[in-house]
Amino acid sequence: MEVGHIPVLAEEVMSMLVPAPGSLQIDATLGGGGHTERILEATDPDGRLLGLDADGAAIARVAGRLHPRFGDRLVLRQANFRELGAVARAEGFGEVDGTLFDLGLSSYQLADTERGFGFRAGGPLDMRFDTARGVPAAELLATLSQDELTALFRRYGEEPKARRIARAVVDARKTAPIATAEDLAALVERVAPPNPRQTGRRQPRRTHPATRVFQALRIAVNEELDALQDGLAAAVDLLRPGGRLVVLSYHSLEDRIVKRFIAAERRGCVCPPELPVCVCGRNPRLRLLTRKSVTPTSAEVEANPRARSARLRAAERLAA
Ligand SMILES: C[S@@+](CC[C@H](N)C(=O)[O-])C[C@H]1O[C@@H](n2cnc3c(N)ncnc32)[C@H](O)[C@@H]1O
């Protein structure tokens with residue numbers, strides 16, 4: 001079956017970014033290129049877009065699909081958005097009108113049976129966006145201590161049964177490595193089964209019991225929260241006055257970072273409140289565009305269940 005990635009909150013992203021003809025835009029998380037395609041259409045005939053993805057397969061797929069149509073208006077680079085500043089400057093995108101982050105993973109990755117992102121697709125437990133860097137998830141499961149695994153499941157998955165699951169991982173690996181997504185999903189299902197009250201006919205179970213553990217491992221493997229912090233800082237540096245930053249996040253850990261980042265950039269000054277005058281000299285750099293985060297309509301969620309947990313926040317760069 002052909003998998004595709006439906007861009008989330010596409011209309012809302014466009015109304016926040018307001019990409020105009022002739023403008024320079026960055027899509028820091030290219031994925032299937034759905035948002036990129038819309039931005040390039042809106043910036044016709046001469047707007048340009050730099051698309052980044054840590055996943056080489058995403059770059060190759062979008063290049064094949066969109067380069068024939070948009071030519072050199074679309075510049076693609078395989079890179080982590082932690083390196084956004086250097087990559088953008090090297091490609092002539094040192095001052096841009098808009099930057100989009102659509103965090104997490106794409107439907108292509110989730111359906112990939114070779115990378116172990118999802119318990120439904122299965123496959124070897126790798127979970128790296130960039131398969132040439134870092135440590136696969138199976139290696140973390142094989143080497144971290146029980147305490148370290150507990151902390152990881154708690155911190156990045158907010159998993160209430162973290163200790164029980166970590167103990168089961170350490171027990172299981174004495175017999176055989178936990179090498180596949182199927183192995184891990186079955187283990188979690190066995191030691192932390194779903195609450196029967198959430199699985200009745202009236203209230204169908206919405207999430208697999210291993211969802212939080214998979215999320216935690218993926219965040220750890222890709223150092224996603226640190227990357228987000230670095231990527232946002234680089235993005236604001238690159239925005240010209242009036243330029244827009246738009247971020248779509250999919251869980252509370254990401255959303256909290258985005259919210260706090262924008263709040264700090266609105267405030268500017270980082271001096272302790274007891275100081276009578278500002279000595280840090282930092283000025284506010286962002287104006288908030290979304291007082292509350294924007295979420296998808298129920299019609300969108302019905303058409304695209306991946307959109308369910310999406311939250312959009314946006315801000316505008318102030319003049320220096
Ligand atoms: C939700 S998808 C983006 C979907 C895209 N907006 C679309 O409409 O098709 C997120 C993408 O971001 C990439 N990604 C996640 N973290 C990244 C990072 N730190 N640096 C670069 N790419 C990253 C993933 O590999 C994935 O392809």
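## Notebook: a walk through the predicted model

I started with Gln 215, which touches Tyr 156, Gly 157, His 251 and Leu 253; residues up to four places away in sequence are not counted, and a contact is heavy atoms within 4.5 Å. I found Gln 215 in helix α10 (residues 211-222). Helices (H or I, at least four residues) and strands (E, at least two) are DSSP runs, numbered from the N terminus. Gln 215 counts as buried because its relative accessibility is 18%. Buried means under 20% relative accessible area, exposed over 50%, and partly exposed in between (1.4 Å probe, protein chains only).

**Ground rules.** This is a predicted model, where local features need pLDDT of at least 70 and side-chain atom pairs count only at pLDDT 80 or more, while totals for chains, interfaces and linings use all residues. Residues are numbered from 1 along each chain as its sequence is written, and side-chain values use heavy atoms, with hydrogens and water left out.

**Entry: Ser 106.** I looked up Ser 106 next and found it in the loop between β4 (96-102) and α5 (107-111). Ser 106 is buried, because its relative accessibility is 8%. Leaving aside neighbours within four places in sequence, Ser 106 is in contact with His 5 and Gly 31.

**Entry: the ligand.** Which residues are closest to the ligand? I noted His 35, Asp 53, Phe 81, Asp 102 and Gln 109, out of 25 residues that surround the ligand; a residue is near a molecule or strand if one of its heavy atoms lies within 4 Å of it. Then I went through some polar contacts, meaning pairs of N or O atoms within 3.5 Å. Within protein, one atom of such a pair must be able to donate a hydrogen and the other to accept it, and residues adjacent in sequence count only if both atoms are side-chain atoms.

- Asp 102 has a side-chain N or O atom 2.7 Å from a nitrogen atom of the ligand.
- His 35 puts a polar side-chain atom 2.8 Å from a nitrogen atom of the ligand.
- Gly 33 uses a polar backbone atom, 3.2 Å from an oxygen atom of the ligand.

On its own the ligand has 610 Å² of accessible area, and the protein covers 98% of that. Accessible areas come from the Shrake-Rupley method with a 1.4 Å probe; for residues, only the protein chains shown count as cover.

**Entry: nonpolar cores.** A nonpolar core is a set of buried Ala, Val, Leu, Ile, Met, Phe, Trp, Tyr and Cys residues joined through side-chain atoms within 4.5 Å. The largest one here has 70 residues, and Phe 101, Phe 153, Leu 217 and Leu 245 touch the most other members. Helix α11 (residues 224-238) gives the most to this core, eight residues. Apart from it I found another core of 24 residues, including Met 14, Ile 59, Val 62 and Phe 70. In soluble globular proteins, nonpolar side chains tend to be buried together.

I also listed what Leu 217 touches, again not counting residues up to four places away in sequence: Met 127, Ala 137, Leu 140, Leu 141, Leu 152, Phe 153 and Leu 184.

**Entry: Leu 228.** Leu 228 is in helix α11. Is Leu 228 buried or exposed? Leu 228 counts as buried, because its relative accessibility is 1%. Beyond four places in sequence, Leu 228 touches Phe 81, Leu 103, Glu 254, Ile 257 and Val 258. Leu 228 and Phe 81 are 147 residues apart along the chain, yet their C-alpha atoms are separated by 7.8 Å.

**Entry: salt bridges.** I searched the whole structure and got 24 salt bridges, each a side-chain nitrogen of Lys or Arg within 4 Å of a carboxyl oxygen of Asp or Glu.

Glu 37 and Arg 69 meet in one, at 2.7 Å from N to O. Glu 37 lies in helix α2 (residues 34-42) and Arg 69 in helix α3 (residues 56-70), so the pair ties together parts 32 residues apart in sequence. Glu 37 is buried at 16% relative accessible area, while Arg 69 is partly exposed at 47%. A network of salt bridges links Glu 37, Glu 41, Arg 65 and Arg 69.

Arg 82 pairs with Asp 230, with the closest N and O atoms 3.0 Å apart. Arg 82 sits in the loop between β3 (74-78) and α4 (84-90) and Asp 230 in helix α11, so this pair ties together parts 148 residues apart in sequence.

My last pair was Arg 313 and Asp 255, a salt bridge with the closest N and O atoms 2.8 Å apart. Arg 313 is in strand β7 (residues 311-317) and Asp 255 in helix α12 (residues 252-267), 58 residues apart. Both Arg 313 and Asp 255 are buried.
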